[in-house]
Amino acid sequence: MGKWKEVKIRDFLKDRSGKFKPDAPDVSNLNRIEKIDFTGNIHFSNKNSKTDMIVIKKGDLVISGINVAKGAIAVYDGEEDVTATIHYSSYVFDMQEINVEFLKHFLKSPRFRQLLKEQVKGGIKTEIKPKHLLSLEISLPSFAEQERISEQINRQIAKIDILKHEIDHQLSLLKQLRQSVLQEAVEGKLTADWRKDHPEIISGENSAEGLLEKIKNEKEKLASEGKISRQKPFPPVTDDEMPFDLPDEWSWVRLGEVANDIEYGSSAKADLNDQNIPILRMNNIVEGKVFLRNLKYVPNSIKGLPRLFLKKGDILFNRTNSWELVGKSGVFDGSDNSYTFASYLIRLALNSYLDSY
């Protein structure tokens, strides 16, 4: 390994200076770079901009001043000049001094972040402009060693990409398996042998009809005591509403028949004052669980308390979101009467004869 030398980035990069008004003849008819993604691909746009512009020529190194450390770096290889807003910068580089692939890897490295933190006021949070980048002092190996390092990094990245693809594939298979198991569970297929071996446990008062009668009696008792609202009778589930056949020992029911309470949460404005009551939101439901983190809070004087306090075992689910997220749910496992929930969530309090988990 050769000796590395300390150099300023300006020793091998030269800023292609010049700013133009967006309607200036030099840039008005040029394609505009809209963004450089984190894999280094350049995306163009024909939309107009009100921001001052720069010109980029073939072979220039183009850097996003906002996202350079995330990988928004590219070499423009088009034949025609293009333009970009001044949130980007463009450089001519000395091909005898710097291997551009090595430089790209360096600009995405923790070492580059550290240098920014040490040498630039505001560090990585600063929009990186030529005056910041060109003044940085770095350790640079010989050109031959830059090539070897870059080749090794690219080989390792290729291996990582293959592993990532395989992991994604396996996760997809696991998701399909999980959905298949859940589907068989709700159809009664998973417990078919168990039911066959234990007929006495699922008959009489322990049958679906017997359980529903117990739930009905308990809800009537709670309503008489004023602890829950008395519900109107639910219509029976019709054949058209049944998506699949159930075992003979099971019964279709309305959710409201087995729930003591179904209610929207509070629309009160939340803040970060942790002296108040934590309010659970959509982002607290992840992968079927309710996480008590990244909390916001509401005063204990808001409308709806104490009725909207959660109790252990309550089920929360999203009533609104994108198609793939609406309806996602989780079981609240915190302390009784310590948390409440936001209005885009619905709380489902099941009857004591049922297990939320």
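## Residue S49

Leaving aside neighbours within four places in sequence, S49 is in contact (heavy atoms within 4.5 Å) with P22, R32 and T85. S49 is found in the loop between β4 and β5 (53-56); helices (H or I, at least four residues) and strands (E, at least two) are DSSP runs, numbered from the N terminus. Because its relative accessibility is 17%, S49 counts as buried, a term that means under 20% relative accessible area, with exposed over 50% and partly exposed in between (1.4 Å probe, protein chains only). The side chain of S49 also reaches the backbone nitrogen of T51 at 3.1 Å.

## Basis of the model

This is a predicted model, in which local features need pLDDT of at least 70 and side-chain atom pairs count only at pLDDT 80 or more, while totals for chains, interfaces and linings use all residues. Residues are numbered from 1 along each chain as its sequence is written, and side-chain values use heavy atoms, with hydrogens and water left out.

Strands β3 (residues 32-36) and β4 (residues 42-45) pair in the antiparallel sense over four bridges; two strands pair if DSSP finds at least two bridges between them. One of the residues in this pairing is K35, whose bridge partner in β4 is H43. Five residues lie between the strands of this hairpin, where G40 takes a positive phi near 90°.

Strand β12 (residues 277-280) runs parallel to β18, and two bridges join them. Within this pairing, T340 of β18 is the bridge partner of I279.

## Two further buried residues

L61 lies in strand β6 (residues 61-64) and, at 0% relative accessibility, counts as buried. Beyond its neighbours within four places in sequence, L61 is in contact with L13, I73, A74, V75, S89, S90, Y91, F93, V100 and L103. L61 and I73 are 12 residues apart in sequence and 7.4 Å apart in space, C-alpha to C-alpha.

Q146 belongs to helix α4 (residues 143-186) and counts as buried at 0% relative accessibility. A polar atom of the Q146 side chain lies 3.0 Å from the backbone oxygen of P141. Apart from neighbours within four places in sequence, Q146 is in contact with E97, I98, N99, F102, L140 and P141.

Key:
A polar contact is a pair of N or O atoms within 3.5 Å; within protein, one must be able to donate a hydrogen and the other to accept it, and residues adjacent in sequence count only if both atoms are side-chain atoms.
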